[in-house]
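Dear colleague,

I am handing over the structure we spoke about, and my notes on it follow directly below. Please read them with the model open beside you.

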Amino acid sequence: MTAGEQRRRAFWQILLFAAGLLVLTVISAGSVYLVNKARDDSKWVVHTLEVENQLNALLLEIRRAESGVRGYLLTRSENFKTDHDKAVAAIVPALDRVTRLTGDNPAQREGIEKLSAAIEIRLGQFTQEMDLVRQGQIDKATFLMNEAAAADTTAAIGSLASAMIQEEERLFRLRTANADRSQTFAASMTGIGSGLVVLLALISIWLVRRSAGARDDAEARLRDGNLNLEATVDERTADLREANDEIQRFAYIVSHDLRSPLVNIMGFTSELEELGKDIFRRIGGLTGVPAGGPPVDVADIPLDGPDKQLSADFSEALGFIKSSIARMDRLISAILNLTREGRREFQPEKIDTRDFVETIVSTLAHQSAEAQAEIHVEPLPNIVSDRLALEQIFSNLIDNAIKYLRSGVPGEIRIRGRTKLGYAIFEISDNGRGIDPKDHQRIFDLFRRAGTQDKPGQGIGLAHVRALVRRLGGTMSVSSELNAGSTFTITLPIAWNASNRNADK
Amino acid sequence: MTLPVTIIMIEDDEGHARLIERNIRRSGVNNEIVSFANGTAAMKHLFGADGTGLAQKGNALLILLDLNLPDMSGIDILKQIKENKYLKASPVVVLTTTDDSQEIKRCYELGCNVYITKPVNYENFANAIRQLGLFFSVIQVPPAAS
């Protein structure tokens with residue numbers, strides 16, 4: 001899976017999540033709003049019903065009052081009178097209630113005003129009628145009642161009330177429809193929202209499953225890769241080890257076999273030298289002794305002229321051959337020593353580093369005194385390492401520091417140490433002639449040297465030191481400028497474990 | 001009984017053999033030197049056709065042995081010499097280019113009497129051989145087991 005694809009997938013998932021959140025929020029807000037609206041609508045519906053109810057109750061009371069009057073007129077029974085009085089007493093509060101309830105509706109308020117007027121007239125009539133009946137003027141009361149019936153106040157009240165009821169019913173229908181609509185809307189909104197959420201969830205699940213699948217694939221590939229890598233690393237390590245062993249064996253055999261002919265070359269060169277001496281002695285004897293004279297010791301006769309020149313050339317040629325042989329022998333010995341060092345098994349042991357370095361410094365006391373160098377050993381961290389290897393590392397570096405001081409400048413060599421993350425870092429610094437930065441790599445190469453070649457050496461020390469440091473699981477580096485001293489830094493594991501190297505031998 | 005000591009030289013490099021011989025002669029040792037350029041021929045001479053070493057019974061021998069031979073290891077020859085009842089009394093001088101301390105130690109463990117590294121520095125080499133020659137002329141090689 002490419003990085004772009006991954007980013008795109010992550011982007012889509014975030015987008016989906018955001019969309020789902022948005023939909024949920026909208027649905028929640030919409031639902032709250034719509035539920036509130038529906039409740040309002042229902043309240044209005046209930047209100048309408050209440051108004052209708054109250055109107056009907058009012059009409060009922062009026063009718064009760066009417067029938068009470070009539071009953072009283074016919075029977076003069078106190079029962080009817082009480083009934084009428086009760087009804088009349090109930091009319092005004094009922095009217096008030098209706099007025100209050102319809103206060104919000106101007107159309108109904110108008111109706112109420114008319115209704116109130118009609119009811120007032122009717123109530124007045126009732127009072128008159130009752131008074132007449134009480135006074136016994138039955139005829140007058142009957143007349144009045146008939147007149148009232150003719151004037152049809154009651155009917156007017158009825159029609160006004162029914163108009164109002166109709167109005168309320170219209171409102172009821174309207175409000176019911178409203179409430180229904182709000183509810184339907186709320187329901188559909190919830191439904192659609194839920195559907196959307198479910199849809200988003202499904203897409204998310206699909207995406208997650210797809211990416212999980214991709215991840216599983218990647219994991220499987222990674223696992224395979226790791227296994228392969230381990231196998232490959234093992235294989236390569238084995239190959240490298242084999243190659244290294246082969247190089248070691250090769251170097252060992254080659255240096256041995258090179259030595260064999262060298263012994264001959266050197267041996268017969270020396271023989272030749274002897275022969276040459278004999279030959280030139282004889283030439284001297286042949287040329288220098290007067291013919292017929294007494295025999296003289298040939299060694300005493302000096303050569304002259306071209307013979308002397310020949311002898312000098314001969315000696316010079318042999319001298320070059322011999323010095324080259326000696327040099328070659330030193331190189332071969334160096335290679336042999338290196339390979340031998342490479343074959344030696346290291347033994348880790350606890351080393352009191354400061355003590356150890358002081359000992360090395362004391363063995364170099366003669367050289368350092370000769371070079372007028374002072375060596376300061378600062379406190380050093382103790383480590384577990386191979387004693388012999390460590391000795392070679394430190395003595396080589398300190399020896400180099402003494403060897404390559406600036407002439408005329410008192411030497412100051414300092415050995416410092418510190419620890420960091422399980423490693424001990426040692427610094428050997430001097431105020432010597434320094435090394436040109438372009439030679440920093442070269443000085444670690446076998447048989448390579450840098451700077452003024454005024455000191456004996458094979459160019460082996462640092463190569464050897466670096467090989468040892470590496471075998472001890474460490475690293476080494478140099479920082480130096482020409483004429484500004486050098487600092488060699490060695491980083492070694494504090495607790496070197498032979499097993500991590502010897503184990504894979 | 002003073003039989004003259006015979007020097008057996010097992011050395012594959014002719015040059016080395018010649019140099020060794022010359023230096024021995026220069027040091028005044030005139031004993032017979034029998035040279036072998038490979039292990040097989042030397043073994044045949046030392047142990048005889050039957051391989052028991054009976055052929056050399058009673059002979060005084062001094063063996064100069066190179067470790068790097070083309071057909072077999074000098075170490076093996078040394079080991080067999082020192083295991084053979086007729087030959088084990090003969091002094092063996094190992095003369096080789098190897099200066100590996102392990103190798104030297106092994107040779108002494110196997111019973112070699114002197115170990116000389118062939119150095120390229122000829123003076124040293126010549127001196128060593130001459131001293132060896134002096135040593136030959138002084139020592140009385142003990143008679144082999146009879």
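**Notes on the model**

A:Gln372 is found in the loop between α8 (365-370) and β2 (373-377) of chain A, where helices (H or I, at least four residues) and strands (E, at least two) are DSSP runs, numbered from the N terminus. This is a predicted model, in which local features need pLDDT of at least 70 and side-chain atom pairs count only at pLDDT 80 or more, while totals for chains, interfaces and linings use all residues. Residues are numbered from 1 along each chain as its sequence is written, and chains are lettered from A and ligands numbered from 1 in the order in which they are written.

To stay with A:Gln372 for a moment, its phi is positive, about 55°, although the residue is not a glycine. Because A:Gln372 has 13 C-beta neighbours inside 10 Å, it counts as partly exposed; here a residue is buried if 20 or more other C-beta atoms lie within 10 Å of its own, exposed if 12 or fewer, and partly exposed in between, with C-beta atoms placed from the backbone. A:Asn483, in the loop between β6 and β7 (486-493) of chain A, is another residue other than glycine with a positive phi, near 65°, and with 12 other C-beta atoms within 10 Å it is exposed.

On chain A as a whole, the secondary structure comes to 11 helices and seven strands, and buried residues make up 22% of its 505 residues. Among contacts in chain A between residues at least 6 apart in sequence, 72% join residues at least 24 apart, two residues being in contact if their C-beta atoms, placed from the backbone, lie within 7 Å. The mean pLDDT of chain A (pLDDT being the predictor's confidence in each residue, from 0 to 100) is 83, and 94% of its residues reach 70 or more. Over residues 500-505 of chain A, however, the pLDDT is below 50, and beyond near neighbours in sequence this stretch has two contacts in the model. Where pLDDT is low, the predicted coordinates should not be read in detail.

Helix α10 (residues 461-471) of chain A has several buried residues, among them A:Leu462, A:His464, A:Val465 and A:Arg466, and what covers the buried residues of α10(A) includes α6 (306-343), α9 (387-403) and β6 (475-480) of chain A. Just after α10(A), A:Gly473 takes a positive phi of about 80°.

Chain B holds an open sheet of five strands in the order β2-β1-β3-β4-β5, with parallel pairing, where two strands pair if DSSP finds at least two bridges between them. The edge strands, each pairing on one side only, are β2 (33-36) and β5 (114-117) of chain B. Within this sheet, five bridges join β1(B) to β3(B), with B:Thr6 opposite B:Leu61; three bridges join β3(B) to β4(B), with B:Leu65 opposite B:Val94; and four bridges join β4(B) to β5(B), with B:Val93 opposite B:Val114.

Why can β3(B) be called largely enclosed by the rest of the structure? Five of the five residues of β3(B) are buried, so the strand is largely enclosed. Both of its faces are covered, with B:Leu61, B:Ile63 and B:Leu65 buried on one side and B:Leu62 and B:Leu64 on the other. Helix α3 (residues 74-83) of chain B lies across β1, β3 (61-65) and β4 of chain B, running at about 175° to β4(B); for such angles, axes are lines fitted to C-alpha atoms, for helices over the stretch in contact, and angles run from 0 to 180 degrees between N-to-C directions.

The largest nonpolar core has 40 residues, and those with the most contacts inside it include B:Ile8, B:Ile10 and B:Ile63; a nonpolar core is a set of buried Ala, Val, Leu, Ile, Met, Phe, Trp, Tyr and Cys residues joined through C-beta atoms within 7 Å. The largest share of this core, five residues, comes from β3(B). A second, separate core of 32 residues includes A:Ile398, A:Ile443, A:Val465 and A:Trp496.

Finally, the contact between the chains takes 12 residues from chain B and 13 residues from chain A. The largest share of the side of chain B that touches chain A, three residues, comes from α1(B).

With best regards
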